[in-house]
Each structure stands twice: as structure tokens, then as C-alpha cells.
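Welcome! Please take a moment with the sequence and the structure below, and then we can walk through some of its parts together.

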Amino acid sequence: MDITEIDKNFKLATVTETDVEWIDARDNRASLHGVYHQNGEYIRMPKEVGASVGPWLAEMSAYTAGGRLRFVTDSPYVAVKCLGRKVGLMTHVSALLSTGFSLLADGMLGGVYMPTIAQIVGAEKVIAFDGICRFEGKQKRVFELYFPMYGGVHELYIGVQSGSVFEKAPAYTHEKPIVFYGSSITEGACASRPGNDYIAHVCRWLDSDYINLGFSGSAKAEPIVVEHLASIDASVYVIDYDHNAPTPEYLEKTHYPLYERIRTRRKDTPIVFMSKPDFDNGMENNVIRRDIIRKTYERAKKNGDNNVYFIDGEDLFGTEDRVACTVDKGHPNDLGFYRMAKTVYPILKQILD
């Protein structure tokens with residue numbers, strides 16, 4: 001039985017318009033953020049950096065978490081045509097988060113694009129799909145297209161009505177990106193769709209560019225990855241790899257050296273240390289891990305560094321109904337990410353102001 005035959009609201013829109021002008025996402029009339037195109041696909045970290053650690057990190061370098069395309073058009077519709085990376089379906093991560101796009105129009109959700117399950121399952125190496133979001137009237141709107149967070153993109157085209165305006169969106173208030181480094185939670189698991197993770201919320205409120213370097217199970221502060229972090233001219237670094245450090249001893253061995261290396265390259269860039277949000281997940285080392293992270297912060301302060309900050313992960317989900325904030329005792333859902341964003345936002349606002 002096909003549920004879309006019963007409830008038409010579940011049916012994905014496809015492009016039937018005959019007056020579409022297709023524009024490559026790399027067109028200089030749009031602005032690309034959080035990812036860049038290289039060797040036939042969009043990536044967020046050089047693959048050679050990931051490959052020096054292992055094949056899994058190289059693979060995830062091409063997961064487009066945090067990728068955004070921004071533009072202005074007066075077209076009454078915005079269509080998408082995508083050739084995407086084949087990904088495996090996961091039980092607790094939505095297909096929309098993995099393979100789809102979210103479109104914001106003047107800050108409001110304009111719609112989503114994603115392949116059908118049949119397209120995902122039937123694909124061998126790449127998934128080809130299209131979609132369209134329609135709007136009332138022909139007026140200029142600022143659009144922001146959020147890329148898949150657990151999949152990748154080889155080619156992307158934006159469709160607008162022929163003859164429509166298509167131009168760059170206004171620059172971010174804070175053009176120098178905030179760099180986030182951490183675990184699957186940083187990457188965005190398990191928001192319902194792209195753009196609903198805590199990083200996207202916070203950076204929309206700040207009107208700031210950002211780079212998402214969250215790597216599921218693979219953020220372990222390896223020297224070459226830390227060197228890459230330090231090479232980025234960031235406005236702020238947010239460091240949250242607590243979850244992926246295999247033991248408290250490993251976390252202690254790597255955490256302060258990570259800080260030292262970034263500080264050597266970036267003398268004055270603010271650094272925020274954060275411990276994991278799922279504090280009441282039953283793991284006995286949570287307090288020990290938090291204390292290790294806090295110790296890095298306190299040691300840096302003692303040595304005269306006033307550009308470091310600490311966020312206690314136990315505070316991130318708030319105090320009410322914490323049980324409603326995750327999908328599996330670990331990964332935040334939309335509520336969990338929203339509460340994280342509300343906690344992190346004032347600290348980053350204070351720093352950027």
C-alpha cells in the first residue's frame with residue numbers, strides 16, 4: 001500500500017514546469033558556504049586530511065553537513081536537481097536528514113527536497129532526484145538551501161522561472177566563520193532535517209557563517225585534523241569531541257594539546273570548550289570527562305588566556321522533560337538541538353559582540 005495515495009501531503013513534489021532555467025550551484029550569482037566543490041563533489045574538509053587518519057574519515061569529509069547555498073530570486077518557485085552520494089539508511093536518522101535539502105525563504109521554512117525511498121534503495125552509487133517548492137506571487141526573497149547532513153552531493157542545480165532575478169544574498173553580519181569540531185551530535189544527528197541542528201539555529205540567530213566539522217565516531221583530535229582546524233581563519237572555535245574520545249585517559253591526553261596547537265596558530269581567536277549534552281545517559285565517566293575539559297579551560301585561564309570559554313554539557317538540555325530531548329539517550333532530536341542552541345547562543349553572541 002502506498003501511503004501517498006491515501007494522504008497526498010506525503011507526496012514529494014516533482015518538477016513539471018516547462019519554463020525552468022537551471023543554474024549550477026557553483027554560479028557566482030549564488031554564495032556557497034560550509035562546503036566547496038572539488039574533484040566532482042562537494043566536500044567540507046580536504047579528503048587527504050581524512051585519508052591520513054583512515055578511510056571512514058575521508059568518506060565523511062564528503063558528507064555535506066553545514067553546507068548552504070544562499071541566493072535571492074523573485075521566482076514563484078525554486079526547483080532543485082541533484083546528483084547525490086549513495087548512503088545507507090539508518091534506523092534512527094531520517095532519510096531527509098541524510099539525503100535531502102531544506103529551503104528557507106526569508107528565514108521561514110519554504111519546503112524540503114529529497115529522493116523517494118525507491119530511488120534511495122535502487123541507487124547503486126549515486127541518487128538522482130528533483131523537487132520543487134512553490135510560493136505565492138512573484139517577489140524577491142532571500143533563500144538559504146541547507147545541504148544533506150549524512151550524505152553527499154556531486155552535482156546540484158537550482159531551477160527558477162525563466163526571466164526571474166537571480167542574484168547574491170546579502171553577506172552575513174559575521175562573515176568570518178565559526179568552526180565547530182566534534183562528534184555525530186555536532187554533525188547533526190538526529191535532527192529531523194537539514195538546518196534543524198543546534199549549529200544552524202545558533203548561526204541563523206547570530207547571522208554568522210559557519211563550518212561544521214562534526215564526524216560521527218571519528219572526532220578524536222588527531223594531530224593532522226587539529227592542524228587543519230588551526231589552519232582555518234575562524235571567528236570562534238567550538239570544540240566538542242568529548243563523545244568520540246574512546247576513554248577519559250585519551251581525552252586528557254589530547255584535549256589540552258589540541259588547545260595549545262590552535263592557540264599557537266591563532267593567538268587571539270576565541271575558543272569554546274563544550275562537554276557532551278547527554279549527561280544523564282547512564283555512563284559512569286561523564287563527570288570525569290567534563291572535569292577534564294573544564295581543566296583545559298581553567299589551565300588556559302591560569303596561563304593568562306582570556307579568550308577561552310567553557311559550556312557545561314549538563315546544562316544544554318535544560319531542566320524540564322530532559323527525557324524528551326534525544327532519540328536514543330544520546331543523539332538529540334529537534335527539541336534537544338533547540339535547547340542546545342538556546343544555551344550556546346548567548347555565549348557566542350557575547351563573544352562576537
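## A parallel pair: E13 and E14

Tyr 181 has Leu 213 in strand E14 as its bridge partner. This pairing belongs to a predicted model, in which strands E13 and E14 run in the parallel sense and share 6 bridges.

How many residues of E14 are buried? The count is 7 of the 7, so E14 is largely enclosed by the rest of the structure. Ser 208, Tyr 210, Asn 212 and Gly 214 point to one side of E14, while Asp 209, Ile 211 and Leu 213 point the other way, and all are buried.

Let us move on to helix H8, which spans residues 223–231. Its buried residues are Val 225, Val 226, His 228, Leu 229 and Ala 230.

H8 passes H9 in a right-handed crossing. From H8, the residues in contact are Val 226, Glu 227, Ala 230 and Ser 231, and they meet Leu 258, Arg 261, Ile 262 and Arg 265 of H9. By class, this contact of H8 with H9 has 4 nonpolar, 1 polar and 3 charged residues.

## Helix H7 against helix H11

Another helix pair is formed by H7 (residues 198–206) and H11 (residues 334–352), which pack at an angle of about 40° with their axes 8 Å apart. That angle makes H7 oblique to H11. The crossing of H7 past H11 is right-handed.

Which residues of H7 take part in the contact with H11? They are Tyr 198, His 201, Val 202, Trp 205 and Leu 206. Among the residues they meet in H11 are Phe 337, Tyr 338, Met 340, Tyr 345 and Leu 352. The contact of H7 with H11 divides into 12 nonpolar, 1 polar and 2 charged residues.

## An open sheet of four strands

Elsewhere, 4 strands form an open sheet in the order E1-E11-E6-E9, with antiparallel pairing. Strands E1 (20–24) and E9 (126–134) stand at the edges with a single partner strand each, so one side of each has no neighbour in the sheet. On average, neighbouring strands of this sheet are turned by 20° against each other, direction ignored.

One of the paired residues is Ile 23, whose bridge partner in E11 is Ile 158.

## Backbone details in the loops

Most residues other than glycine have a negative phi, and most peptide bonds are trans. With that in mind, a few places deserve a look. The peptide bond from Ala 189 to Cys 190 is cis, with omega near 10°. Cys 190 sits in the loop between helix H6 (184–187) and H7.

Asp 106 is not a glycine, yet it has a positive phi of about 50°. It lies in the loop between strands E7 (101–105) and E8 (108–113). With a relative accessibility of 45%, Asp 106 counts as partly exposed.

Asp 321 also has a positive phi of about 50° without being a glycine. Its loop runs between strand E17 (308–311) and H11. Is Asp 321 buried or exposed? Its relative accessible area is 53%, which makes Asp 321 exposed.

Terms used. Residues numbered from 1 in each chain as written. Predicted model: local features only at pLDDT ≥ 70, side-chain atom pairs only at ≥ 80, totals over all residues. Heavy atoms only, no water. Buried < 20%, exposed > 50% of the residue type's maximum accessible area, 1.4 Å probe, protein only. Helix = DSSP H or I, 4+ residues; strand = E, 2+ residues; numbered from the N terminus. Axes fitted to C-alpha atoms, helices over the stretch in contact; angles between N-to-C directions. Parallel < 35°, antiparallel > 145°, perpendicular 65-115°, else oblique. Left-handed = near helix turned anticlockwise from the far one by under 90°. Contact = heavy atoms within 4.5 Å. Nonpolar A, V, L, I, M, F, W, Y, C, P; charged D, E, K, R; others polar. Pairing = 2+ DSSP bridges.
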